[in-house]
Amino acid sequence: MKLICKHAIAIILLMSSFAAPVAAEPFDDAAAAYGKGDYATALQLFRPLADQGMARAQTILGVMYANGQGVPKSDTEAMKWYRLAADQGDAGAQTALGAIYVNGQGVPKDSEKGLEWFRKAADQGYANAQNNLGSMYDRGDGVAQNYAEAAKWYRLAGDQGYANAQINLANMYLSGRGVPRDYVEAVKLSRLAAEQGLAAAQYNLAYAYANGQGVPQDYTEAVKWSRLAADQGSPTAQYYLGVAYGNGQGVPKDLVQSYKWFEVAAAHGYKDALQGRQAAAERMTSAQITEAQTLAREWKPTGQSIR
């Protein structure tokens, strides 16, 4: 399980950096250029600020090198700029360094060193780092496994509205790891994350409604949330839609749609979908199968998970 902070951390870092008051007008101009995808101009404006020691500019320059935005992609350069900012206490850069060490990204994997950087940022209240620190305790990576400590850090991040922490804590309530098993609390947390667009949380809600776990059983709601997750590419949610259409649970029975969703799920590596597809095919005409296969080929994700 890779931590979220890999190169996809760019948006989170930028949101954190841009939220603070900025005294220098060139930083505003650089941020605006970056937001427009004008990386050449952003680089031209960010680099002098970074050279002058502005931590926020150094962090974003690290992001640009990590992603190859306006510069050749270079883990070495990214690491250099992150460290300069991290040494000044920039939480975003500290979180990025933590992820680099934990994931062994351009450096030897070193979970203990990654943990140290996550803790520095987490102690500043940085939600991304708090979530990652929780994950380290959850998995016992670089530290003794401690579910109660994991739940503590997930909660701190979740209370700030961080969706990934909310779903991580929800899963702890589902399994009773570090907290008492509580399906109602799991649903509450899953909903908070699902409403932010997190596919895993949307499927958690679908499962809860399908099984009456923490909420009254409601197949219509189960289909609604499963579809949102399926549209983002969740193979588990796609498989569930295949089952729902095949059984007429929450939607009118429709073997073409059932076959289509089984086919899409199978294409995303969900092996059980192969059996579901075969079961649907045995009840369909050749024309229906052809239609379903066409729909499956034409299917494209319509949303993007924030995980």
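The legends below describe close-up views of a predicted model.

**View 1. Helix α8 and the residue that follows it.**
Helix α8 runs over residues 127–139, and its 13 residues reach 18 Å from the first C-alpha to the last, close to the 18 Å expected at 1.5 Å a residue. Twelve of the 13 residues are buried, so α8 is largely enclosed by the rest of the structure. The buried residues include A127, N128, Q130, L133, M136, Y137 and D138. After the helix comes G140, whose phi is positive, near 70°.

**View 2. The salt bridge between D138 and R177.**
The structure holds six salt bridges, and in one of them D138 pairs with R177, with the closest N and O atoms 3.0 Å apart. This pair links distant parts of the chain, since D138 belongs to helix α8 whereas R177 sits in the loop between α10 (163–175) and α11 (183–194), 39 residues apart. D138 is buried because its relative accessible area, 13%, is under the 20% cut-off. R177, with a relative accessible area of 23%, is partly exposed.

**View 3. The salt bridge between K152 and E149 in helix α9.**
The closest N and O atoms of the salt bridge that K152 forms with E149 are 3.2 Å apart. Both residues lie in helix α9 (residues 147–158), where K152 and E149 are three residues apart, about one turn of the helix. An α-helix has 3.6 residues a turn, so residues three or four places apart point the same way. K152 is partly exposed, its relative accessible area being 39%.

**View 4. The salt bridge between E221 and K224 in helix α13.**
E221 and K224 form a salt bridge in which the closest N and O atoms are 3.8 Å apart. Helix α13 (residues 219–231) contains both E221 and K224, which are three residues apart, about one turn of the helix. E221 counts as partly exposed at 21% relative accessibility, and K224 is likewise partly exposed, with a relative accessible area of 40%.

Q202 lies in helix α12, which covers residues 199–211, and is buried, with a relative accessible area of 4%. A polar atom of the Q202 side chain lies 3.4 Å from the backbone oxygen of A194. Once neighbours within four places in sequence are left aside, the residues in contact with Q202 are A194, G197, W225, L228, A229 and Q232.

Notes
Residues numbered from 1 in each chain as written. Predicted model: local features only at pLDDT ≥ 70, side-chain atom pairs only at ≥ 80, totals over all residues. Heavy atoms only, no water. Helix = DSSP H or I, 4+ residues; strand = E, 2+ residues; numbered from the N terminus. Buried < 20%, exposed > 50% of the residue type's maximum accessible area, 1.4 Å probe, protein only. Polar contact = N/O pair within 3.5 Å; in protein donor to acceptor, adjacent residues only side chain to side chain. Contact = heavy atoms within 4.5 Å. Expected span 1.5 Å × (residues − 1). Salt bridge = Lys/Arg side-chain N within 4 Å of Asp/Glu carboxyl O.
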